[in-house]
Amino acid sequence: MQDRSDHIDIARRGACAYYAEKLIQLVDEDRTFETEVDYVTSWSTHLADHVINEEPELITQLIEETVADDGLRFYPLSLLISEFKKRDAAELPDEIVESVLDSVDASCTMANDFYDTDLDQSWAELLFQDGAFTDPDSNLISYLGRTAETQPTFIRRVAEEIDTDDNRTLRFLISIGRDLPVDDAAVIGQQAATWVQDDEAYGYLASHTLRLASYLAENGEYDVPLEMLEAILEPRDGDQLDIDQGMVRYNLTTMLDENFDDLISERGEQLIGVFASKLTAALDQQDDRARPVAARTSFADLHYVEDNRGSLEEILLEYFVRAVTAWVAEHPTADAQTELVEQLLSGPTHLRRVGLYVLSEHPELFEETIQAELTATENYREQQSQYEFYLLLSSGFAYLDDPAQTQVCEIIQDGPYTEAVEDQAARMAERGDEPASYFEQRIRETWRRDRLYLIDEHLEGEYADQLDELVEKYGEPDQLPSRTPQPTVRGGMVRERGPVETEDLRDQSAEEVLTTAVEWEPPESNRWDTVEDDQLEEQNYLGFSRQLRELIMEEPKRYAREISVLEDANPRYAEAAFRAFSDLVDDGETFPWESILELGQAITASPTAWSEQARTNLAKLINKGISADAIEFPDGVESVVESILRTLLTDPDPDTDRDQPPDGMAGHGDPVQVAINSVRPMAVNAYITYLSWQDDHTEDDLAQDVFDPIRDRIREDPSLAVRSVIGRRFGRLYALNADLVEEHLADIFPRDTDQAARQRFIAAWNSYTASNRYWDNEAFRPYYRHALNLIDTDEDQAYQIKVRSTTAHVASIYLFEDEDITDEDSLIRQFYDVVDQDGAQELASTLSSSMGNDDVEDQWTQIRGLWSWRLDTLDPEDEASDTEVYQFLDCVRNSTKTTLEEEDTLISRSLPFVAHQNHHWRRIEEWFAEQSGSSPVVAINLYNELVETVPCEDWSAIARNSKEDNRSRLYEHAEAAGNEPLQTALDIADQFTAENNQMDREFLEQHLTLQ
């Protein structure tokens, strides 16, 4: 029998060696997936312990050759390596152990699979003894996460021995602590309390440390969470728990709120000690000029935690108050209660306030202390603790004996205890209509009223009568001295109106309302009146103009007939009226214009007597009226309209200061914004609209003299805002008078090199490109080139060529004017010479967003040529080009004129630019999956290229971003398309299987029959 066993061992050794050598040979051969799996399974069938010990050199060679990146595929390799990983490393020859570890760590795909739950613990122990876990790499960190449930003690040992500056590693260990038994988690918690003390680590670790502390407390461990809290609450430089650490604040309050009762019950004194020491330290660290914490907030109104706000000291204070109050309520011994309260009352202000608040919450426990506090006259003078003292007065008065109650009432009767009463009364007299003596009496009596009111339920006799008299005289207190002061004006705004309420104005005729506007003057006093709901109210022109606007919107015809009455009124009313009528035109409303134009004539007769806004709104209204299809305007009043507009065309607004506001002011660097708020630009716009109306309603050509005002603006006007309007209406002007535009191209778009000319060009050009289709002929092409040259200059940061709108024009010229991308003198080539990567990306984005436009898609040959040229020009290693290339891919995806198959080559060339970006990957993968039904072979081949293009170091992140449904569709259609695309799908699935994706593993196992 022994001889037979020996023969079997020899045969097994020989067979195992044979298949090992065949596998080594396979590495250099063209082989199928199935062949690799067959040889590996045959080799593993004959592998035995004695073979491993007798053939260590051959097995070592097998491992090194097949696990290399150019060796076997992942899936068969995982079968091979599993034969070693499941064995005790201590029983394997050293050279095999070393070969396995070195080869796995060097492999792009094997490490993730090797360090999983199937790995025998002996391998981890070996690495631990060698120090690999003192600063573990990502593979070992993943292993710790996978084995948290099965190897908690080992993870605890790693936490005790770790020595790394990598905060991500420490954060990971803290996080998996919540998956461990409490005893092991507590050890990690102690380590976390040490790690988080480092200022740089705090932001990384604090939130996770707090979650671990909460886990420990929830499971009955309290000492370690207190250590962790003490480390977290240590004051640090800067604004601790500010917006950048919002999650730290959230996790801190969550941890304390969820475990507060248990911590108080089990470790109350220690918790109070932590809060007290850290609060005192935080306050000591404050700048001397900083306001004391909660200085103007009663401790009865602390809501920092509930409102998810507050500094470290404010949050500490609130929890300190809660903790002391709760502990006193629960603590069984009076001596300990009294000792704590006395310590607080004799401490600094913030501690004394806590002590007073505790007394107010539990007066029944501290009658002697309360009597001493409430009968001390100096406490009625002291300001820093006043809120909590008066809370104590309110709740503790009932616990005083009769003599003490009388003494308190006498103290209140003799107050207030401040030397500032007379000064305060004098200041009030300066602002009011009463003498200082009146205000002094009021201050003293309301002070007494407020304090007696706190104890009104317990007053009798003369003091009760005195309170009744004071309440009858001054009313009940708006605010009690025990609570946080609240604003007395609700709403926070002043309501503005005219002489009467709007409802009263509705009962009057339009002429009456408008006549009142002419005659009424606001009260001279600048004091606000307070209406019944405590909201402040002021009567002024602005308030009346708003009321007038509301009335016009309600009855436009009625007010339009009489609006010229306002020619003698404050300009604010005309501003409001013109704005109201403009809005009504937008809403399709009609109304008579005669009176409106009469008001317009009055304004243009003496323009400077009216506000710029009134003149601007007049021009806007006329423009809207002419443009509105539902209104027959200016039919019959042409001469009046033209006269008004001609006057406004020479208006002084905007002057240079308004035309080019300084940095920080509205309109800086933005002529369009200035234009819509200025007179002359809006008049230019309205006049061009008027000329268009005239052209539409006249059979003959317009007389040349009607263009003189526009010609003057083109030639003479220095305003950038006016230039922007001319640029915006460029196409319409050309349609009205081509000769005018062609004659004055150099005036509209000056190409001189001085700053003023450059700014005028830019103002007109940006509006032209934003609001007009491209205009290309030999005469105009130099202006496009000039604009591109200006893109490349930084001489005036405020006024720059808008790349987006210029790009759209350049793209259109390239597509529709037969430009050749290979022509170095073409406009498109000049564009790429001067723009940065963002500009190039903008052009590709413009093309992508234009897909679906038949005219653009008909130029697909041009788009393809540009795409190919850009791929030749760009460097795949330059990550800045990824979005531009992706936009070209998006063109194909959204196009109705080309397909995945037709653009196979260019798509393939584009993938290296985009494969490393997660946000591109998902959409490209989805696109390939969508196309796999109609083009399964091309889709799976391109997807394979996408996968193969990803660098090894980026693959795990990319694979996590992939969607299983997309891969499943690709595999399904590839399988149906034949064996070759199926093999490609298997290779792809192999890559995803290496990242522990179960669906891909099942797909492999379904098609690879294991022997």
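Glu964, Arg967, Ser968, Tyr971 and Glu975 in helix H54 meet Met999, Asp1000, Phe1003, Gln1006 and His1007 in helix H56, where contact means heavy atoms within 4.5 Å. The residues of this contact divide into 3 nonpolar, 3 polar and 4 charged; Ala, Val, Leu, Ile, Met, Phe, Trp, Tyr, Cys and Pro count as nonpolar, Asp, Glu, Lys and Arg as charged, and the others, Gly among them, as polar. The model is predicted: local features need pLDDT of at least 70 and side-chain atom pairs count only at pLDDT 80 or more, whereas totals for chains, interfaces and linings use all residues. Residues are numbered from 1 along each chain as its sequence is written, and side-chain values use heavy atoms, with hydrogens and water left out.

H54 (residues 964-977) and H56 (residues 998-1007) pack at an angle of about 20 degrees, with their axes 10 Å apart. Axes are lines fitted to C-alpha atoms, for helices over the stretch in contact, and angles run from 0 to 180 degrees between N-to-C directions. The two helices are therefore roughly parallel to each other (angles under 35 degrees).

A search of the whole structure finds 1 disulfide, a pair of cysteine sulfur atoms within 2.5 Å. Cysteine 108 and cysteine 952 form this bond, with their sulfur atoms 1.8 Å apart. Because cysteine 108 lies in the loop between helix H6 (94-106) and helix H7 (110-114) and cysteine 952 in helix H53 (residues 952-961), the pair ties together parts that are 844 residues apart in sequence. The torsion about the S-S bond is about 120 degrees, so the disulfide is right-handed.

Methods:
Helices (H or I, at least four residues) and strands (E, at least two) are DSSP runs, numbered from the N terminus. Angles under 35 degrees count as roughly parallel, over 145 as roughly antiparallel, 65 to 115 as roughly perpendicular and the rest as oblique.
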